[in-house]
Amino acid sequence: MSFWGEYSRFKDEIDLALIQNGCVEIELYSIIASLIRESKNGCGLSVRDVSNRRKSDISKRFYGNAGFPDFVILNREKDQNNITVYGCIEVKMPTIELNKEDEQIRGHKQSFDIVLYTNGIRWILFDNGKTLFDITLGEIIKDNKRYRIKWYGKEKWEALLERIDNIEWFK
């Protein structure tokens with residue numbers, strides 16, 4: 001499913017995940033991976049889900065000071081000896097407020113040059129520890145025991161897509 005440029009489809013998927021499955025973190029993985037793969041430089045990237053990895057000879061290059069992130073961003077190399085790790089993505093549930101100083105994020109920033117941190121609603125990009133962008137697409141509202149999202153206008157979505165398009169993964 002393509003989300004690139006389709007804010008209504010993106011919002012609908014996040015809303016459905018929240019309503020139908022309590023929006024566990026893993027619900028967002030395919031959505032976020034799609035956005036990165038469909039970006040301008042996504043065709044030059046390999047987006048790998050390492051959220052459930054265990055340490056091994058192959059996976060040790062993805063393990064950082066905070067353990068494994070949810071995704072690593074790699075070059076599209078098929079030779080295991082020539083794999084380059086460009087950065088990582090850490091995903092949280094939409095109901096979790098992102099904290100730039102979270103211990104896990106600090107560890108990822110120490111281990112990976114580029115870290116994309118998101119709960120699907122707020123998107124933060126760190127490059128060598130510095131915040132390059134911080135875009136919020138809406139806010140979580142809690143009514144009684146149920147959550148819903150109050151989405152902001154399309155201009156925030158367009159700004160996010162432009163920023164994702166311009167992430168300099170290959171340095």
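Trainee: Which helix does Arg-37 lie in?

Mentor: This is a predicted model. Arg-37 lies in helix H2, which spans residues 29–37.

Trainee: Is Arg-37 buried or exposed, or partly exposed?

Mentor: Start with the cut-offs. Under 20% relative accessible area is buried, over 50% is exposed, and partly exposed falls in between. Arg-37 has 40% relative accessibility, so it counts as partly exposed.

Trainee: Which residues form the positive surface patch?

Mentor: A patch takes residues with over 30% relative accessible area and no salt bridge, with like charges joined within 9 Å. Here Arg-37, Arg-48, Arg-76 and Lys-78 form the positive patch.

Trainee: Next, Asn-75. Where is Asn-75 found?

Mentor: Asn-75 lies in the loop between strand S2 (71–74) and S3.

Trainee: Is Asn-75 buried or exposed?

Mentor: Apply the under 20% cut-off for buried. Asn-75 has a relative accessible area of 14%, so it is buried.

Trainee: Which backbone atoms does the side chain of Asn-75 reach?

Mentor: For a polar contact, look for N or O atoms within 3.5 Å. The Asn-75 side chain reaches the backbone oxygen of Asn-82 at 3.1 Å. It also reaches the backbone nitrogen of Thr-84, at 2.7 Å.

Trainee: Now Glu-97. Which loop holds Glu-97?

Mentor: Glu-97 is in the loop between strand S3 (85–91) and helix H3 (103–111). Its relative accessible area is 72%, so Glu-97 is exposed.

Trainee: How many residues apart in sequence are Glu-97 and Ile-121, and what is their spacing in space?

Mentor: Read both separations together. Glu-97 and Ile-121 are 24 residues apart in sequence. C-alpha to C-alpha, Glu-97 and Ile-121 are 9.6 Å apart in space.

Definitions and conventions: Residues numbered from 1 in each chain as written. Predicted model: local features only at pLDDT ≥ 70, side-chain atom pairs only at ≥ 80, totals over all residues. Heavy atoms only, no water. Patch = residues over 30% accessible without salt bridge, like charges linked within 9 Å, V, L, I, M, F, W, Y side chains within 5 Å. Areas by Shrake-Rupley, 256 points an atom, 1.4 Å probe, with all protein chains shown as cover. Salt bridge = Lys/Arg side-chain N within 4 Å of Asp/Glu carboxyl O. Lys, Arg positive; Asp, Glu negative; His and termini not counted. Charge placed at Lys NZ, Arg CZ, Asp CG, Glu CD. Helix = DSSP H or I, 4+ residues; strand = E, 2+ residues; numbered from the N terminus. Buried < 20%, exposed > 50% of the residue type's maximum accessible area, 1.4 Å probe, protein only. Polar contact = N/O pair within 3.5 Å; in protein donor to acceptor, adjacent residues only side chain to side chain.
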